[in-house]
Amino acid sequence: MADILEEIKHVEKQNHNEITHVHVQPKHAIITVLLSSGYIKKIKVSLDDYVQYHLRKGIKISNQDLDNFELRNYIDEMYLKCLRKLAMKDRTVYEICKWLKDNSPLEEAEIQQVIEKLKSNGFLDDEKLCREQIIKLSNSFYGSKQITEKLKQRGLKETFIHQYLSEAKIDELENAKDYANKIIKQNSAISVNKFRSKLQSKLMLRGYHRSIIEQVMADIDVSSIQEKEPDVIDKVIQKSYKRYRRKYDGYALKQRIQQYCMSQGFPSDVIKDALNRLELDYDED
């Protein structure tokens, strides 16, 4: 019997919180509560809760209801913060979930409430984002392998990525060729061999399949680079000559210059012709 009486007192004490003031605003209501401990507390509640729970001055309210109001208000605040993040940049469900886990004490079920609200209101849509990102990355000259990897890192399902890549019908070979022509314009002062090695590496890093890379390398027109190769090697030789003549002379100096030119992709016969043409002085000063 004593235990039952203690429990009754405990429950009654929980319900001794009393609303002393209510301020209704356009989007929410602020209730002022006199707690059973004697402290005053102000809580923001939604208009739905204000109406549903008949929150008026003089109404008694339990500690559990107070906790629930505060939790729902906090969930609403996190929802608004997510909206602000989405206004700056589109994000995936995975990215928003991770941000909520890292920046709030919400439990998994509460995080899902925020996610479902964002999805139902059209602010979070992985499928739409996936389609848009595929087009954006393709327009930035990324191949399908790199597109897939980048989107997987954002938490998108690989099955969706492959499906939307197929639906997008991207001409990956044409994209790779356009990218190669862009690289040609950025690399005029370079040997043909060095350029081809550089281009192949860049195509691989961009995520193009080997068959596409091989096709591009076979079809690429490097005549604009080839035409400038004699002038380029002359500059390379003169640059290396100034660098190495401080430490070397004679045959050792000539050998160093040849080795450097070969490292830049120039063939040995081209190097030999250029050295003969320039008639450099290899003797010690």
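## The largest pocket

About 260 Å³ of space lies in the largest pocket of this model, which is a predicted one. Its lining is made up of 14 residues, and those closest to the pocket centre are Lys27, Ser46, Asp76, Leu80 and Lys117. Of the contributing elements, helix 3 gives the most, with six residues.

In terms of residue class, the lining of the largest pocket holds six charged, five nonpolar and three polar residues.

## The second largest pocket

The second largest pocket has a volume of about 170 Å³. Its lining consists of Val93, Tyr94, Lys119, Leu124, Asp125, Asp126, Glu127, Gly155, Leu156, Lys157 and Phe160. Helix 4 (93-103) and helix 6 are the elements that give two or more residues to this lining.

Sorted by class, the residues around the second largest pocket are five nonpolar, five charged and one polar.

Gln133 belongs to helix 6, which spans residues 126-139. The relative accessibility of Gln133 is 16%, so this residue counts as buried, the cut-off for that class being under 20%. When neighbours within four places in sequence are left aside, Gln133 is in contact with Leu151 and Arg154.

Phe141 is located in the loop between helix 6 and helix 7 (144-153). Although Phe141 is not a glycine, its phi is positive, near 70°. Phe141 counts as buried because its relative accessibility is 19%, a value to be set against the limit of under 20%.

## Thr148 in helix 7

Thr148 lies in helix 7. With a relative accessibility of 8%, Thr148 therefore counts as buried. A polar atom of the Thr148 side chain lies 2.8 Å from the backbone oxygen of Ser144.

Beyond the neighbours within four places in sequence, the contacts of Thr148 are with Glu158, Ile161, His162 and Leu165.

## The loop between helix 8 and helix 9

Lys169 is placed in the loop between helix 8 (158-168) and helix 9 (172-186). Its phi is positive, at about 50°, in a residue that is not a glycine. The relative accessibility of Lys169 is 73%, so Lys169 counts as exposed; the class of exposed residues begins at values over 50%.

Phe141 is buried at 19% relative accessibility, whereas Lys169 is exposed at 73%.

## Confidence of the prediction

The mean pLDDT of the protein is 89, and 94% of its residues reach 70 or more. Among the elements, helix 4 has the highest mean pLDDT, 97. Helix 4 is also one of the elements that give two or more residues to the lining of the second largest pocket.

At the other end of the range, helix 1 (residues 2-14) has the lowest mean pLDDT among the elements, 48. Where pLDDT is low, predicted coordinates should not be read in detail.

Conventions:
Residues numbered from 1 in each chain as written. Predicted model: local features only at pLDDT ≥ 70, side-chain atom pairs only at ≥ 80, totals over all residues. Heavy atoms only, no water. Helix = DSSP H or I, 4+ residues; strand = E, 2+ residues; numbered from the N terminus. Buried < 20%, exposed > 50% of the residue type's maximum accessible area, 1.4 Å probe, protein only. Contact = heavy atoms within 4.5 Å. 1 Å grid on protein atoms, 1.4 Å probe; cavity = no way out; pocket = protein on both sides within 12 Å on 5 of 7 lines; lining within 4 Å. Points joined across faces, edges and corners; volume = space filled by probe spheres on them. Nonpolar A, V, L, I, M, F, W, Y, C, P; charged D, E, K, R; others polar. Polar contact = N/O pair within 3.5 Å; in protein donor to acceptor, adjacent residues only side chain to side chain. pLDDT = per-residue confidence, 0-100.
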